Amino acid sequence: MLTLLRSAFVALALTGLTACAPSQARPLSGGTAPEFTGIDNWINSQPLTLSQLRGKVVLVDFWTYSCINCIHTTPYVKQWYEKYKDQGLVVVGVHTPEYAYERDTKNVQDAVRRAGITYPVAQDNRYATWKAYDNLYWPAFYLVDKSGKIVYTHFGEGDYDKTEAAIKAQLAAQPS
């Protein structure tokens, strides 16, 4: 009986984990990208709005500086920014804290400097932009086309070649 209960508990636990996996996320694709809202501070930039970025391709990267998955994706995001910024790519890192110490602006500024991030970073301490995107994960990429629509999403690590291909395709596309 104890073995049966253990098996049932493990199966239930695994089902719960599977339901929360990034691959199960419901991406917000096809709709107009929500504006950056409730941003506490901007690092490396004056405040930005998506409406002022129309005509550009925007990669919105939800991250937090102590998340290991975010740390792993940062070199790719930096590379895309450097490679494509002169072709019209704008990267906006939306730093949404997981832990209380990640709310401190100095800590975020120090992390941005240590990581060598030069693109704009919006500090979303109140989760306002996170909630506007109905986001659930760190890291999360939302690619916004030149007309302001979300055309690609990716949650977690991996598929870097697919994400870069989506960026390149949007940079080459005519605005709709």
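Me: What confidence does the model carry?
Reply: The model is predicted. Its mean pLDDT is 88, and 84% of the residues reach 70 or more. Residues 2-27 are below 50, and beyond near neighbours in sequence this stretch has 10 contacts in the model.

Me: Which elements are there, and in what pattern along the sequence?
Reply: The protein has 5 helices and 6 strands. Along the sequence they follow α-β-β-α-β-α-β-α-β-β-α.

Me: Why do S1 and S6 count as edges of the sheet?
Reply: The sheet is open, with its 6 strands in the order S1-S4-S3-S2-S5-S6 and mixed pairing. Strand S1 (41-43) and strand S6 (150-155) each have a single partner strand, so one side of each has no neighbour in the sheet. On average, neighbouring strands are turned by 20° against each other, direction ignored.

Me: What makes S1 and S4 a pair?
Reply: The cut-off is at least two bridges. S1 and strand S4 (residues 121-123) have 3 bridges, in the antiparallel sense. They therefore pair. Ile43 stands opposite Val121 in S4.

Me: What do helices H2 and H5 lie against?
Reply: Helix H2 (residues 68-84) lies across strand S2 (57-63), S3 and strand S5 (140-144). H2 runs at about 155° to S3. Helix H5 (residues 160-172) packs on the sheet and touches S2, S3, S5 and S6. The direction of H5 makes about 165° with that of S6.

Me: How do you know that Thr96 is buried?
Reply: Buried means under 20% relative accessible area. Thr96 has 0%, so Thr96 is buried. Thr96 sits in the loop between strand S3 (89-95) and helix H3 (105-115). Leaving out residues up to four places away in sequence, Thr96 touches Phe62, Trp63, Thr64, Asp124, Tyr127, Trp130 and Trp138.

Me: And what makes Ser176 exposed?
Reply: Exposed means over 50%. Ser176 has 78% relative accessibility, so Ser176 counts as exposed. Ser176 lies in the segment after H5. Beyond neighbours within four places in sequence, Ser176 is in contact with Asp145 and Ser147. Its C-alpha atom is separated by 7.6 Å from that of Lys146, 30 residues apart along the chain.

Me: Which residues of H3 are buried, and what do they pack against?
Reply: Val108, Asp110, Ala111 and Val112 are buried in H3. The buried residues of H3 pack against S1, S2, S3 and S4. As background, an α-helix has 3.6 residues a turn, so residues three or four places apart point the same way.

Me: Which residues touch the most other members of the largest nonpolar core?
Reply: That core has 50 residues. Leu59, Val60, Trp80, Leu89 and Val92 touch the most other members. S2 gives the most to this core, with 6 residues. Among the contacts of Trp80 are Leu59, Leu89, Phe141 and Ile167.

Me: How much of the protein is buried?
Reply: Buried residues make up 45% of the 176 residues.

Key. Residues numbered from 1 in each chain as written. Predicted model: local features only at pLDDT ≥ 70, side-chain atom pairs only at ≥ 80, totals over all residues. Heavy atoms only, no water. Helix = DSSP H or I, 4+ residues; strand = E, 2+ residues; numbered from the N terminus. Buried < 20%, exposed > 50% of the residue type's maximum accessible area, 1.4 Å probe, protein only. Contact = heavy atoms within 4.5 Å. Axes fitted to C-alpha atoms, helices over the stretch in contact; angles between N-to-C directions. Core = buried A, V, L, I, M, F, W, Y, C linked by side-chain atoms within 4.5 Å. pLDDT = per-residue confidence, 0-100.
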